[in-house]
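Hello,

Here is the structure I said I would hand over. Please have it open while you read on.

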Amino acid sequence: MPDVREVYETVTKQKPPEPGALERQQRRQVRSARNKRLGAFAIAAVIGAAAIALVLINTPGADRTTTEPAIRPSPTPPAGTVPETDYLIDLDTGEKTPLPTTIVGTRTSGSGDEVRSGYAVSPDGSRLAYVGSDHGVSVQQIFVANLDGTGVEQVTTVPRALGAEAPAWSPDGSRIAYVSSPGLDLGNIFVLDLAAGGYRQLTFHTGSTGATPRSPSFSPDGSSIVYSVSTWVGSCCAPLGSHVRIVPVTGGKSARLVDSESDGEGLGAADGKLSPDGSLLSYLCDEEGDGQLLCLAKSDGSHARVLVRGNDYLVSHSWSPDGTRIAYWELHSHDVIVVDVATGDVTHVAEGAYPAWLDDDTLIVRIDGCYDHALAARSAGCSG
Amino acid sequence: VQAEDNVVELDRDREAPVGPPSFEELFLDVHDRLYRALYFVTGSSADAEELMQDAFLKLWERWDRLDSIEDPVAYLFRVALNGFRMRARRARTAAGKVLPVVGSRDPFEDVNVREDVRRMLRAVTPRQRTAIVLTDIFGYSSDQAARIMGIRPTTVRVLASQGRTALRGSEGGVDA
């Protein structure tokens, strides 16, 4: 008959802790500290707003006929519910932390201006790039802000209604690629140097070709931009096809990575992204016009296979920093899903749109989102 | 294998490092013990890892006030075991709302042990396992274990005794 210690040793020696416990603990601490900072900032913002409201109410001449309380307490949402603003979600605990109001307040809403991009996280995780409104005018511009909501800065000044969208950081955090249309043509890919302030145009599609570059992202070594090109009928709604290309960040001739031709039913490949180690290329693909697949290929586009068969149009995917998972959202259900690249197992993690990895355990999620899916016959969730 | 002639004498006169350990040093020193203990109590490697991380997170948040914590290791145990109790309570509440009776999972179903050992483990409740771990494995007195578990020392002794009895193959499975 075994004694107590023998039973203890027998049981516990079979389940030693997984390697890397200290690193996991340190990541947990970083996330916790960050969420606390954001929470403190949100509380400070609420207190500041309340103080301003009190001052205004007590100003002589202010209208005091109302019987409503001047400041309504904002109820704390029950645990597990989706915050009413863009948020961070800790994938380990499910804890949701609202993004600072200074960021969400400048981000252009998806309902009116149909912003088709989410937050882009700088490589060091300290800053966000996103699409905001140019001083209330309906021109989309790229903004950059610190994650705690300080340092909000407009970094593009595109003088036209189509504006700028789809920001993506370079691996060294010094440049941002984006889609813009400063002239009368359809959008093209540009790269902005944040320090110098200048930009370089990388693609030169014109309105006459009906081809629109979209979804730029840097290669892991920062030398190239991967993007997709959709060919449209007229200017709206029904892409003839889409394929993934790569162009040197210094400019020059682009090359086709995924050779999936149009057949007039919106077939093709879109939203190409290289894995963090540069060995794999993920992209949205379809079979028979379904537009419900996430495909994976070698970085040169060869050996393609289907990784995910979704229930809906898959949108805007992104690789986790460690390259083990991909997050995406489904167009109509607004389900945010994470897929394990090795196994293909999918996990529903949140509701919202445009998930972006802040670190290996945290996603930033927009609560609203529309997208004229490059492979879909019609846009969904967008006005107009 | 080193020949005896080549054995290098360690410098026994070298002074041991002075001062309290860093958080990382404490983590590396303690996490294996804490994880195994929590695994023995919960029967789930995932729960053990999460409870351990939560406990270390709380300790890390108080690291600049470490002087106020008498025994960091006991503190880690207390926080982790509190977390386990709260989780169990929440799970019972949630299950009670949707299901009249919930069949309990075998906590050690994924461990390959002899059937007699598995039977023994099933016969011991988590509280009894906690009392056994603290007193018999880690050598805490019943007073110290009581402070960690938040119960009276006599209850610790009863729980440990019940657990030992159950592990010897006789009765058990009902908490004091």
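Below are notes on the chains, their contact, the salt bridges, the disulfide and the aromatic pairs.

This is a predicted model: local features need pLDDT of at least 70, side-chain atom pairs count only at pLDDT 80 or more, and totals for chains, interfaces and linings use all residues. Residues are numbered from 1 along each chain as its sequence is written, chains are lettered from A and ligands numbered from 1 in the order in which they are written, and side-chain values use heavy atoms, with hydrogens and water left out.

**The two chains**

Chain A has 3 helices and 24 strands. Helices (H or I, at least four residues) and strands (E, at least two) are DSSP runs, numbered from the N terminus. Of its 384 residues, 49% count as buried. Buried means under 20% relative accessible area, exposed over 50%, and partly exposed in between (1.4 Å probe, protein chains only). Take the contacts in chain A between residues at least 6 apart in sequence: 43% join residues at least 24 apart. A contact means heavy atoms within 4.5 Å.

Chain B has 7 helices and 0 strands. Its elements run α-α-α-α-α-α-α from the N terminus on. Buried residues make up 40% of its 176 residues. For chain B, 58% of the contacts with a separation of 6 or more come from residues 24 or more positions apart.

**Where A meets B**

The contact takes 25 residues from chain A and 40 residues from chain B. About 2900 Å² is buried between them, and carbon and sulfur atoms give 63% of that area. Buried area is the accessible area (1.4 Å probe) that two parts lose on being put together, summed over both.

There are 2 salt bridges between chain A and chain B. A salt bridge is a side-chain nitrogen of Lys or Arg within 4 Å of a carboxyl oxygen of Asp or Glu. One of them joins A:Arg28 to B:Asp54, at 2.2 Å from N to O.

Which helices of chain A supply at least two residues each to the side that touches chain B? They are helix H1 (4-12) and helix H2 (21-57). H2(A) gives the most, with 10 residues.

**Salt bridges within the chains**

The whole structure holds 13 salt bridges over all chains. A:Arg31 and A:Asp90 form one of them, at 2.9 Å from N to O. This pair links distant parts of the chain: A:Arg31 is in helix H2, A:Asp90 is in strand E1 (residues 87-90), and they are 59 residues apart. A:Arg31 is buried at 2% relative accessible area. A:Asp90 is buried too, at 5%.

A:Asp92 also forms a salt bridge with A:Arg31, the closest N and O atoms being 3.1 Å apart. A:Asp92 lies in the loop between E1 and strand E2 (96-98) and A:Arg31 in helix H2, so the pair ties together parts 61 residues apart in sequence. A:Asp92 is partly exposed, at 39%.

In chain B, B:Asp136 and B:Arg164 form a salt bridge, with closest N and O atoms 2.7 Å apart. B:Asp136 is in helix H5 and B:Arg164 in helix H7 (residues 153-167), so the pair ties together parts 28 residues apart in sequence.

**The disulfide**

The count is 1 disulfide over all chains. The rule asks for a pair of cysteine sulfur atoms within 2.5 Å. A:Cys285 and A:Cys295 form it, with their sulfur atoms 1.8 Å apart. The link is right-handed, with 80° about the S-S bond. A:Cys285 lies in strand E16 (residues 280-285) and A:Cys295 in strand E17 (residues 293-298), so the pair ties together parts 10 residues apart in sequence.

**Aromatic pairs**

There are 11 aromatic pairs over all chains. Rings of Phe, Tyr and Trp (its six-membered ring) pair if their centres lie within 6.5 Å; planes under 30 degrees apart count as stacked, over 60 as edge-to-face and the rest as tilted. B:Phe23 and B:Phe56 are edge-to-face: 6.0 Å centre to centre, 90° between the planes. B:Phe23, B:Phe27, B:Phe56 and B:Trp63 form one aromatic cluster.

Best regards
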